[in-house]
Every structure is written in structure tokens, then in C-alpha cells.
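Have a look at the model first.

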Amino acid sequence: MPVPVVVIVGRPNVGKSALFNRLVGRRAAIVEDIPGITRDRLYGRVVWRGREFEVVDTGGLISHPTEPLQVQVQRQVARALEEADLVLFVVDVRSGVLPEDREIAQRLRESRRPVLLVANKADRPGHPGIYEMYGLGVGDPVPVSALHGLGISDLLDRVAEMLPAGEPEEAGPAIPVAVVGRPNVGKSSLVNAILGEDRVIVDAAPGTTRDAVDTVFRWGDRRVVLIDTAGLRRRARVSDVVERYSVTRTLAAVDRAHVVVLVLDATQPPADQDQEIARLTVERGRALVLAVTKWDLVSPSPEPREAILAPVRAAMRFVSYAPVVVTSAVRRWGIAALVERVGEAADAHARRVPTGPLNRVLMEAEEAHPPPADGAGRQLKIYYATQPAVRPPTIVLFVNDPDLVTEDYRRYLDARLRAAFDFRGTPLRLVFRARERAAARR
Ligand code: GDP
């Protein structure tokens with residue numbers, strides 16, 4: 001079914017373009033530029049709570065400055081009625097209802113198209129001018145301030161309700177991702193850079209309110225939920241922000257995540273706190289991606305430079321499976337790579353290795369590097385292994401005696417498994433269990 005069309009009409013100066021920019025612009029929600037349409041953006045695609053629609057700003061389309069205003073407005077409305085599934089009729093609460101507004105209202109009523117009356121410039125709640133709007137006879141006005149971004153979520157909710165029923169969005173499982181790090185490392189900027197990417201289609205988390213703490217977006221065929229993004233997204237727009245870092249909040253976000261993006265500041269060596277967070281992800285069995293951001297401050301180019309990354313790798317040796325991505329929110333470097341690595345880490349985190357290949361790899365590993373023995377000459381024997389769980393991948397190895405497993409050998413097996421199967425980004429749990437005599441592999 002075709003994407004429903006929402007057309008914005010209204011006399012000049014009511015704020016149609018501002019509203020259009022709010023709806024279609026990155027700030028409101030969600031944008032996808034339609035290829036071939038120029039950047040003046042008279043058309044824009046919006047996805048809101050799983051509904052997708054196209055918004056048209058007729059105010060921008062129809063500009064024949066020599067024509068009398070009335071003719072222009074009529075033309076605009078006629079155009080809107082040709083294609084609109086829903087008309088957003090914008091009025092201005094500050095100037096009140098003018099004769100042109102009445103005229104448009106009349107034509108819209110005659111057309112019997114669904115109309116949503118938008119009372120713009122309601123910068124303060126309870127604006128008295130709004131009552132006059134009921135008199136237009138096109139339904140209850142929805143107060144918004146396009147300029148200040150107020151009431152936009154409610155408006156989008158109303159729009160989504162009024163649109164003809166469409167096919168529900170395919171609800172692929174979304175990857176829950178927590179973006180964490182110390183204060184001022186650049187988390188907010190990074191989140192906003194991700195959400196501002198042209199390829200990203202942002203959607204409100206289904207079932208959450210307008211203060212949605214999580215943000216859902218699509219990247220290719222992946223869906224990602226950024227956990228607890230409210231503070232992060234607001235952050236970049238507000239100048240005098242109080243410190244939002246809290247350990248509890250980080251913990252809660254990590255707990256809900258499958259993949260954790262630990263943001264590190266390229267201009268500073270990693271701190272204890274960074275290691276703490278990384279350790280936490282291991283403990284909780286979460287996948288991990290390291291984003292070394294503000295790269296523009298340490299390098300003129302977006303390529304990773306080992307000399308700069310060496311301290312990071314050293315400090316994060318215990319999570320060496322975590323890919324390191326260099327990013328700059330300011331220059332928009334590394335954003336695509338970061339999202340790709342997050343997707344791969346999520347795949348690895350959920351990877352299930354069939355028993356056959358798993359045992360083959362372990363057997364080869366044993367042959368290449370015989371298992372350790374204790375002082376009395378008893379040697380570790382691995383009988384067989386299975387993977388009973390994912391997130392993180394958990395491999396149970398049945399052995400003659402778990403006490404014979406040394407830390408070195410465990411690390412060696414971990415490395416062999418990683419080399420054989422793509423476990424980049426995820427911790428692996430190797431569990432050694434005693435299994436006696438019978439049913440031994442050999
Ligand atoms: P948060 O506390 O981790 O969310 O950090 P912010 O995103 O608020 O960023 C902290 C400061 O670093 C702000 O002044 C940002 O403008 C600045 N910043 C963030 N990312 C970058 C970046 O990639 N490059 C540069 N040059 N500055 C950045």
C-alpha cells in the first residue's frame with residue numbers, strides 16, 4: 001500500500017515551514033531524504049510509532065509572488081486536496097483567526113477530507129487564543145510550538161491515529177544498545193551523530209510515552225534500540241546541563257543491553273572508571289564495542305592510528321575481543337563503522353556453534369597444543385563440548401578434571417574458538433565440567 005500523504009496548508013506566516021521542519025527534521029523524530037528531491041525539502045518521510053508517512057509543505061511549493069494571496073492560498077488548498085490522506089491545517093494562536101483562515105476552513109470542510117487543526121505558536125501552555133480555533137469547525141486544535149518543538153509528539157500521535165490503516169511495520173528484533181562512559185567523553189554527541197545520519201530512520205519505541213527514554217532506529221535491515229537516550233539526546237541541545245552521570249544509571253543500561261558501546265575520549269588516557277565499566281560488561285556477559293571519540297582532536301584524518309590507540313588497547317587488554325572504532329561526532333567520522341561493529345557484535349553475542357564443528361575445533365586445538373598436566377602427571381582431557389546458551393555464547397567442556405585447566409590453557413582455547421568462529425565483540429563463557437569414564441570421546 002502506498003505511503004499515506006500528509007499535507008500542510010495554511011495562510012502565509014502561520015509557521016508551516018517551521019512545522020514541516022520539525023516533523024521532517026531530525027529533531028522531531030525521523031527523517032529519510034527522498035532521493036532526487038532537492039534539499040529544500042518540500043517532501044519528507046516520517047516514521048512515527050511504526051507508521052510511515054510523507055509530509056508535503058504546500059507553502060513552499062506554491063510561490064507565485066505576483067499572484068494575489070487569495071489565489072495562492074486557493075491553489076495551495078486545491079493541491080493539498082488532490083493528494084492528501086490527511087490535511088494539517090495550521091493556524092496561529094498569536095494572531096488569532098483571520099478571514100483567510102476561515103476561507104481555508106470552509107474549503108476543507110466542503111472537501112470532507114480528514115483535517116487536523118494545528119494551533120501553532122502556542123509557546124506557553126493554555127494560550128487563550130486557542131479557544132477561538134474551535135470556531136473554525138474543523139475539529140479540536142492541537143497546540144504546538146514548531147519553533148520550540150513543543151507538542152510535536154502529541155501531534156505526530158494524532159497524525160498516526162488519523163491515517164488510513166497501513167501494514168504494520170515488520171517488527172524485527174531490535175538490538176538493545178547502551179552507550180556508556182564517563183561524563184563529557186562525548187556520549188551525547190555521538191548518539192546525536194548516529195541519529196542524525198542520513199541512513200538512520202528513527203522511530204519511537206513502541207509503547208513508550210513521548211518522553212521515550214529509549215530510541216529505536218533502523219540501519220539497513222537492522223533495528224537498534226538505544227537505551228536511556230532521553231538525557232543523551234536532550235543534552236546536545238541544552239547548554240547548561242547538570243551532570244547526568246550516575247553509576248546506577250550505567251548499571252541499569254548495561255543490564256538491559258545486549259551490546260554496550262563504551263565511549264572513550266581520544267584526548268585522554270583511559271581511566272579506572274573506563275576499565276570498571278568494561279569489567280562490568282564482562283561480568284554481565286554483554287557484547288562490547290569501544291568507541292574512541294573526539295578523534296578530530298588528535299588526528300587530521302579519520303583513519304585509526306595505532307600510536308594513539310596503543311594506550312587504549314593496553315588498558316583494555318582484558319576485553320581485547322572488543323572492536324575499537326575511532327569516531328568524531330563533529331566531523332561525523334566512524335559513525336557507519338560504529339553501527340556496523342555494533343551489529344556484528346550483536347550477531348556474535350547470539351551465535352550458536354553446532355556441536356560438530358565445535359568439537360572439531362577443540363580437537364585440533366588439543367592436537368596443536370597438548371593440554372596441561374599436573375605435578376603428578378595427570379593430564380587434562382577434553383571429552384566433548386556443547387554450546388547450551390547464547391548471549392553470551394556459553395560453551396560447556398566436559399573434561400576429566402576441571403582443576404587441571406590452567407588460565408593459560410583457558411585463554412588458548414578461547415583464542416582458538418575465536419579464530420574459528422566469529423566471536424568478535426562478545427565475551428565467551430567457557431565452563432569446564434567433570435565427566436567420568438564412560439561416554440568419553442576417546
Ligand atoms: P557526554 O557527557 O559524554 O554526553 O559528552 P558530550 O557529548 O556532552 O560532549 C562533551 C564535550 O565534548 C562537548 O563540549 C562536546 O561538544 C565535545 N565533543 C563531543 N564529541 C566531540 C567530537 O567528536 N569532537 C570534538 N572536537 N568535540 C566533541
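Helix α1 (residues 16-24) packs against helix α6 (residues 152-162) at an angle of about 80°, and their axes are 11 Å apart. That makes α1 roughly perpendicular to α6, a label for angles of 65 to 115 degrees. The axes are lines fitted to C-alpha atoms over the stretch in contact, with angles running from 0 to 180 degrees between N-to-C directions. Helices here are DSSP runs (H or I, at least four residues) and strands are E runs of at least two, numbered from the N terminus.

On the α1 side, Leu19, Arg22 and Leu23 make the contact, and they meet Ile152, Leu155 and Leu156 of α6; contact means heavy atoms within 4.5 Å. By class that's five nonpolar, no polar and one charged. Ala, Val, Leu, Ile, Met, Phe, Trp, Tyr, Cys and Pro count as nonpolar, Asp, Glu, Lys and Arg as charged, and the others, Gly among them, as polar.

A word on ground rules: this is a predicted model, where local features need pLDDT of at least 70 and side-chain atom pairs pLDDT 80 or more, while totals for chains, interfaces and linings use all residues. Numbering starts from 1 along each chain as its sequence is written, and side-chain values use heavy atoms, leaving out hydrogens and water.

Next, α7 (residues 187-195) and α12 (residues 335-349): their axes come within 10 Å and cross at roughly 90°, so α7 and α12 are roughly perpendicular to each other too. Leu190, Ala193 and Ile194 of α7 touch Ile335, Leu338 and Val339 of α12. This contact has six nonpolar residues, with no polar and no charged ones.

Helix α7 also supplies the largest share of the shell around the ligand, three residues. In total, 16 residues surround the ligand, and the closest are Asn184, Ser188, Ser189, Asp296 and Ala329 (a heavy atom within 4 Å counts as near). The shell splits into five nonpolar, six polar and five charged residues.

| Backbone N or O atom of | Distance to a ligand oxygen atom |
|---|---|
| Asn184 | 2.7 Å |
| Val185 | 3.3 Å |
| Ala329 | 2.7 Å |

The protein covers 75% of the 580 Å² of accessible area that the ligand has on its own (Shrake-Rupley method, 1.4 Å probe).

Finally, the backbone. Most residues other than glycine have a negative phi, and most peptide bonds are trans. Lys121, in the loop between β5 (115-120) and α5 (130-133), has a positive phi of about 65° although it is not a glycine. The peptide bond from Arg391 to Pro392 is cis, with omega near -5°, and Pro392 sits in the loop between β14 (382-389) and β15 (394-399).

Methods
Polar contact = N/O pair within 3.5 Å; in protein donor to acceptor, adjacent residues only side chain to side chain. Parallel < 35°, antiparallel > 145°, perpendicular 65-115°, else oblique.
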